[in-house]
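Dear colleague,

I am passing on the structure below, and after it you will find notes on what turned up when it was examined. Please read them with the structure open beside you.

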Amino acid sequence: MSSPVPLVDLKTLQDASAFVKASGEIRQTPVALHVDDCLRSSDHGSALPPSCTVHLKLENTQVGGSFKLRGVVNQIAHLDVEDPSAAHLFTISGGNYGKAFATLVNRKAYKNTVLMPTSAPLERVALIESLGSTVVRVDTSQLLDKVQEYQASGLTFVDSIDDHNLVNGYSSLGFELADVFQDIDVLLVPCGGGGLLAGISAAFGLLGRKTKVFGVEPEMADSMRQSFERNEAVKMPRAHSVASGLAPPFAGQLTFPLCKQFAAGICTVSDSQIIAAMKTLHESLGLLVEPSGAAGVAALLFGKVPVDLQNKTVVVVISGGNISLENFRTLSAEETHD
């Protein structure tokens, strides 16, 4: 690691969670209870044990359509900028973080730019631009170079992955789940750079819960899985997936050690499995979910969770729902079977 990671403590996370909830910017999202029979009866539900109980945490219904606002509210509130009127902020995002970032910083009249990978859906680019931000599209392999270029020119980088205030804000979802469920055996969390997984797993770990929290990544964007294996944060400049929100070019230098400390492990799913999970959620439960948001359900449906799920209670975080029906239908038509 390039620098030691400050200790995460329960009070810091609880204070951040309380701040996020009191901000008025987010809502407590609902839980879809006992969806196991619906999933089990789907075309891809045969791997789900008959004795496994499944609940879904619907962050796709969060303000802005994803969990991201939980972290950004806390992050922007603690932004260290001497002269906001003169500052020009910039960040990296595949879509959902950029949407939350653009919503808040434009409301506060910051000049800002969002760097987006060329793989990000055009509809997300248009949405972020409509919120008042400038979008610059960059090949994934060049994103880190572009960050250094912008910083050298005097712009202020707002990190969409490696920021304590961001992770602390995401922990609010963990505390929310812990308040609703006293006993969760397995919790599945979509994982890109690792911020949400770090926040949720730290909340559960510091509360002393015995829940096994697993991150779920795309097979072709498995930087966190590789980081666990090598015991260091791995760069993956050519990461790619239909779940663009789970395909940043690196695992976070901050989030990796937090995930390593508190999460039980990382499982991976293919793009076709993610698409199949999206279709299952739509056909069985009427949920329109983006690829990143369906990753946990894909792991469940295709037997990718590395523990025995018989007689277990499983909660899956549906992290986002920012996808148009047209794009959903296009992706659904492209599904192939592994």
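In this predicted model, Lys57 forms a salt bridge with Glu176, and the closest N and O atoms of the two are 2.6 Å apart. Because Lys57 lies in strand S2 (residues 53-58) and Glu176 in helix H7 (residues 164-180), the pair ties together parts that are 119 residues apart in sequence. Both Lys57 and Glu176 are buried, and they belong to a network of salt bridges that also links Glu59 and Arg70.

Lys11 pairs with Asp15, with 2.7 Å between the closest N and O atoms, and both residues sit in helix H1 (residues 10-22), 4 residues or about one turn of the helix apart. Here Lys11 counts as exposed, at 55% relative accessibility, while Asp15, at 41%, counts as partly exposed. In the other case Glu229 forms a salt bridge with Arg225, the closest N and O atoms being 3.2 Å apart, and these residues are separated by about one helical turn because they are 4 residues apart in helix H9 (residues 223-230).

As for the sheet, 6 strands form an open arrangement in the order S1-S2-S10-S7-S8-S9, with mixed pairing, and the edge strands, S1 (31-32) and S9 (265-269), each pair on one side only. Strands S8 (residues 212-218) and S9 run parallel and are joined by 5 bridges, with Val269 in S9 as the bridge partner of Pro218.

Notes:
Residues are numbered from 1 along each chain as its sequence is written. This is a predicted model: local features need pLDDT of at least 70, side-chain atom pairs count only at pLDDT 80 or more; totals for chains, interfaces and linings use all residues. Side-chain values use heavy atoms; hydrogens and water are left out. Two strands pair if DSSP finds at least two bridges between them. Helices (H or I, at least four residues) and strands (E, at least two) are DSSP runs, numbered from the N terminus. A salt bridge is a side-chain nitrogen of Lys or Arg within 4 Å of a carboxyl oxygen of Asp or Glu. Buried means under 20% relative accessible area, exposed over 50%, partly exposed in between (1.4 Å probe, protein chains only).
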